[in-house]
Protein chains: 2
Amino acid sequence: MVEHVAEHHHSLARELECVSGVPIFQQLAQPQLTSVAEVTRPIHAKKGQTVFRPDEVSQTLYIVNAGQVRLYHLADDGKERVLRVLNPGDFIGEIALFTDEIHSNYAEATQTTELCTISRDALTTLIQRMPPLALSLLSALAVRLKSAEHQATLLAIPDALPRLAGYLMDLSQGKATALTLPMSKQDLAAYLGMTPESLSRKLKQLVMAGAIVTSGRREIRVVDAAKLQALAPQ
Amino acid sequence: MVEHVAEHHHSLARELECVSGVPIFQQLAQPQLTSVAEVTRPIHAKKGQTVFRPDEVSQTLYIVNAGQVRLYHLADDGKERVLRVLNPGDFIGEIALFTDEIHSNYAEATQTTELCTISRDALTTLIQRMPPLALSLLSALAVRLKSAEHQATLLAIPDALPRLAGYLMDLSQGKATALTLPMSKQDLAAYLGMTPESLSRKLKQLVMAGAIVTSGRREIRVVDAAKLQALAPQ
DNA sequence: CGCCTAGTTGACAAGGCTCAACAGGCGTGG
DNA sequence: CCACGCCTGTTGAGCCTTGTCAACTAGGCG
C-alpha cells in the first residue's frame, strides 16, 4: 500500500482525454486544450495507493480525472482526519503554485484513479497566455473557498445532530432525494468532527425522526427535507 | 510616491491610495495601478456600521484598506458566529465575481474603516488585461483556502484545549512572542466553536501551565512555545 | 465459506454547555 | 475629571452530550 504510482509518458491522446474531462479547462478552445495537454502528465493509482505523502516538497497541481482520492491528515495519536474527498474534476496542490508547499497531508486513491499533473512553471506560463484559464481557476478556487468556510461554520457547532443535518442538507441541496455518501462512515465521522459511534447514533436519530431512510452502506434517502432543515443550523 | 500621479489625475488620488496599499495589487506597475484605481470606488464605515447584510445580491469585491471588518453569521437562536476578521489587505466577495452571490453574512466595521470596492465586470476586464493580477489573486485565494481548511481541521477537534492551543500556535507562528488577539474574546470563542466561558477557562489553564501570560484585554504573550506546541494537535 | 474490516449498540465517565452571579474596563455624561 | 453604568470577561455548580471502551453484528473480499 506504499508502492509508487505508475507514470506514463506517451501519445498526446491520453493527455488530451485527461485534460478535456476537467471542468477547469472546459471552456478552452481546441488549440488551447492542446497546449494544456502538452504540459500535462497523467498518473495512475490503484485502490489504496498513495499519490503523495507529507513532507514532500511539491510544485505540482493534481487534477482528478477519474476515480477518487481521499485527502487525510495523520494525527500523532494515530487517528486519520479526512479533510476532503476528491472526485473527478476536483484538484489539489494549488498552493504549490505560489510557494513551495510542503504537503502536510496524505493523498490516497480509494479506487482505481487517474490524475493529471501540471508543474508550477508550466501552469503559470499557461495562465499568463490564457486569461480565460485564470478566470476559471479563480472561479474554482472561490467555490472551494466558499465550501471550506461553510464547513468551518458547520464544524463550529458544538452539537453533533445539527452538524450532521447541515451536512446532509448540503449534500441533498435541500431536496428530498436519494444520495450516496462520498466516503465511508468512519471517514465521514472524522470529517464532521465526531466519532463513528456518534455518527451512527445521530443517523439513527434522523431515521427515527422520519427525516431520512438508510439503505445499504452508503445510501441515504432524504424523505422529509423540512424535518432535516428544522434540525440543521442557520 | 502617489503624489506624482496625483498631479495628473487629481480625482484619482484617493482611489490610488486605496489600491496601492493592498497586497493584491502590490506588484503591478504604476500605469496598471492607475487602471485599477480608475474602476475602484472607496467606501467608508464608522465603528459599528454595517458594510453589507445578508440577502443583498452582490457583484462587488470589497478590499479592506484601513481599519477592520468583522464578518459574522446570525443564527436563528440570535447568536453571532464570527467567520473571520478582515484586516487591511484582506478582501471579501470573491465569489461574487463568478456567481450572483447572495451574502449570507453580515459585515460590520469594528473601527473607522476604509474599503475599496470593484465591480465584477470591471475586475474581470482587469484580469484579462493583466495576467500578473490574475496570479496574485489566485495566490491570495490559495492562501485563504489553505487557512480555511486549516481552521476546519482545528474545529474538528472535539477538545477545546488543543483547539485553542492550535489557534495560538498559528497566531504566534510557533515563536514565543507577544501577540494581540484580532477580536474580542467572545468573538474568538464563537470562532473557535466554544462558549466564552470555556475559552476563559482554557486560557486560564494555559496560563497555569506556564505556556502563556495574559495582560490586558487582548494581549497575550507566549512564554513557552514548546508547552503550547505539546498541547496543540497535529 | 470464513476471515477481516466497517458499522452498530450498550454502559460509563469526562468534558463542555447552560444558567447564574460576580468582577473589571472603558466610555459616557455630568 | 470623576462617577456611574454598561458591556466584557470571569468564576461557580449542575446537567447533558459526547467520547471512550468493549462486545457484538453485518457485509465484502479473498
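Q: What makes β12, β14 and β13 of chain A a sheet, and in which order do they come?
A: In this predicted model, the three strands form an open sheet in the order β12-β14-β13 (chain A), and the pairing is antiparallel. Strands in a sheet pair through backbone hydrogen bonds, either parallel or antiparallel.

Q: Why do β12 and β13 of chain A count as edge strands?
A: Each has a single partner strand, so β12 (178–180) and β13 (212–215) of chain A both have one side without a neighbour in the sheet. On average, neighbouring strands here are turned by 25° against each other, ignoring direction.

Q: How do you know that β12(A) is paired with β14 of chain A?
A: Count the bridges: pairing needs at least two, and three join β12(A) to β14 (residues 219–222) of chain A, so the pair qualifies. The two strands run antiparallel. As for who faces whom, Thr180(A) stands opposite Glu219(A) in β14(A).

Q: Why are α4(A) and α5(A) called roughly antiparallel?
A: Helix α4 (residues 131–155) of chain A packs against α5(A) at an angle of about 155°, and the axes are 9 Å apart. The cut-off for roughly antiparallel is over 145 degrees, and therefore α4(A) and α5(A) get that label. On the α4(A) side, the contact is made by His150(A), Leu154(A) and Leu155(A); α5(A) brings Pro162(A), Arg163(A), Gly166(A), Tyr167(A) and Asp170(A). By class, that gives four nonpolar, two polar and two charged residues.

Q: What makes Thr195(A) a polar contact of DNA strand D?
A: An N or O atom in the Thr195(A) side chain is 3.1 Å from a phosphate oxygen of DNA strand D. The limit is 3.5 Å, so the pair counts.

Q: Which residues and elements surround DNA strand D?
A: There are 19 residues around DNA strand D, the closest being Ala160(A), Ser198(A), Lys202(A), Lys185(B) and Arg201(B). Two or more residues each come from α7 (196–208) of chain A, and from α7 (185–191) and α8 (196–208) of chain B. By class, this surface has two nonpolar, six polar and 11 charged residues.

Notes
Residues are numbered from 1 along each chain as its sequence is written. Chains are lettered from A and ligands numbered from 1 in the order in which they are written. This is a predicted model: local features need pLDDT of at least 70, side-chain atom pairs count only at pLDDT 80 or more; totals for chains, interfaces and linings use all residues. Side-chain values use heavy atoms; hydrogens and water are left out. Helices (H or I, at least four residues) and strands (E, at least two) are DSSP runs, numbered from the N terminus. Axes are lines fitted to C-alpha atoms, for helices over the stretch in contact, and angles run from 0 to 180 degrees between N-to-C directions. Angles under 35 degrees count as roughly parallel, over 145 as roughly antiparallel, 65 to 115 as roughly perpendicular and the rest as oblique. Contact means heavy atoms within 4.5 Å. Ala, Val, Leu, Ile, Met, Phe, Trp, Tyr, Cys and Pro count as nonpolar, Asp, Glu, Lys and Arg as charged, and the others, Gly among them, as polar. A residue is near a molecule or strand if one of its heavy atoms lies within 4 Å of it. A polar contact is a pair of N or O atoms within 3.5 Å; within protein, one must be able to donate a hydrogen and the other to accept it, and residues adjacent in sequence count only if both atoms are side-chain atoms.
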